[in-house]
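Me: I am new to this structure and would like a close look at a single part. Could you take your time over the salt bridges and then show me what surrounds them?

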Amino acid sequence: NSFNVAEYYEYKTGKERSASTMAIKALGVKTANGVQTGAFYLTLLVSGLLAINQQVASLEATGSTGDQINNTIHASDISSNLLLYRSLITFLPMALMIIAALISIFCISFTDEKKYAFYVAEVKKRRESLPASSEADKPE
């Protein structure tokens, strides 16, 4: 959680940088979305399903029926077994990325709740001990 990171940083350094933490989080999310989209289309391209995907997308955009879409898929030179194999090739990298993300969340970046509560209490105590800022101290 990015708030945990911001509070831990403030605990360690005494400086509040939550805005920077949130900006870095936003950059990370946008980068991950770009990588995800790129990996998806690269997988479609390598598996040979990109042309079929584009044909189906254009049919869906024009409001075609399910029968027309099925006919387009079956009219391609791909057998049903090969289509299943290529679909699995398309699915497996995404599934592995999800598994890697879950491992990262639960094993690498897990925060002990007692430590986190201690950090929050310590930061709150430090903030309360600071002199109260007046309106003149705030930037315009």
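Reply: Happy to. Counting salt bridges here gives three. Please keep in mind that this is a predicted model, so the distances below are computed from its atoms.

Let's begin with the pair that reaches across the chain. Glu10 and Arg127 join their side chains in a salt bridge, with 2.6 Å from N to O. How covered is each partner, buried or exposed? Glu10 is buried, at a relative accessible area of 9%, whereas Arg127 is partly exposed, at 45%.

Now stay on helix 6 and look at Glu122. One of its partners is Lys125, and the N to O distance in that salt bridge is 3.6 Å. Glu122 and Lys125 are three residues apart in helix 6, which means that about one helical turn separates them. Arg126 also forms a salt bridge with Glu122, at 3.5 Å from N to O. Arg126 and Glu122 are four residues apart in helix 6, again about one turn of the helix. Arg126, at 33%, is partly exposed.

With the charged pairs in place, turn to the nonpolar side chains. The largest nonpolar core is made of seven residues: Leu44, Leu49, Leu50, Ile52, Val56, Leu59 and Ile69. Helix 3 (residues 50-61) gives the largest share of this core, four residues. In general, nonpolar side chains tend to be buried together in soluble globular proteins.

Which residues of helix 3 are buried? They are Leu50, Ile52, Val56 and Leu59. The buried residues of helix 3 pack against helix 2 and against helix 4 (66-75). Helix 3 has 12 residues, and its end C-alpha atoms are 16 Å apart, in agreement with the 16 Å that 1.5 Å a residue should give. After helix 3 comes Gly63, with a positive phi near 80°.

Helix 2 (residues 18-47), one of those packing partners, has 30 residues. From first C-alpha to last, helix 2 reaches 43 Å, close to the expected 44 Å. The buried residues in helix 2 are Thr21, Ala39, Thr43, Leu44 and Ser47, and among them Leu44 belongs to the largest nonpolar core. Just after helix 2, Gly48 has a positive phi of about 85°.

Leu84, Leu88, Phe91 and Leu92 make a nonpolar surface patch of about 410 Å². To find it on the model, look for Phe91 in helix 5 (residues 80-108).

Notes
Residues numbered from 1 in each chain as written. Predicted model: local features only at pLDDT ≥ 70, side-chain atom pairs only at ≥ 80, totals over all residues. Heavy atoms only, no water. Core = buried A, V, L, I, M, F, W, Y, C linked by side-chain atoms within 4.5 Å. Buried < 20%, exposed > 50% of the residue type's maximum accessible area, 1.4 Å probe, protein only. Helix = DSSP H or I, 4+ residues; strand = E, 2+ residues; numbered from the N terminus. Salt bridge = Lys/Arg side-chain N within 4 Å of Asp/Glu carboxyl O. Expected span 1.5 Å × (residues − 1). Patch = residues over 30% accessible without salt bridge, like charges linked within 9 Å, V, L, I, M, F, W, Y side chains within 5 Å. Areas by Shrake-Rupley, 256 points an atom, 1.4 Å probe, with all protein chains shown as cover. Contact = heavy atoms within 4.5 Å.
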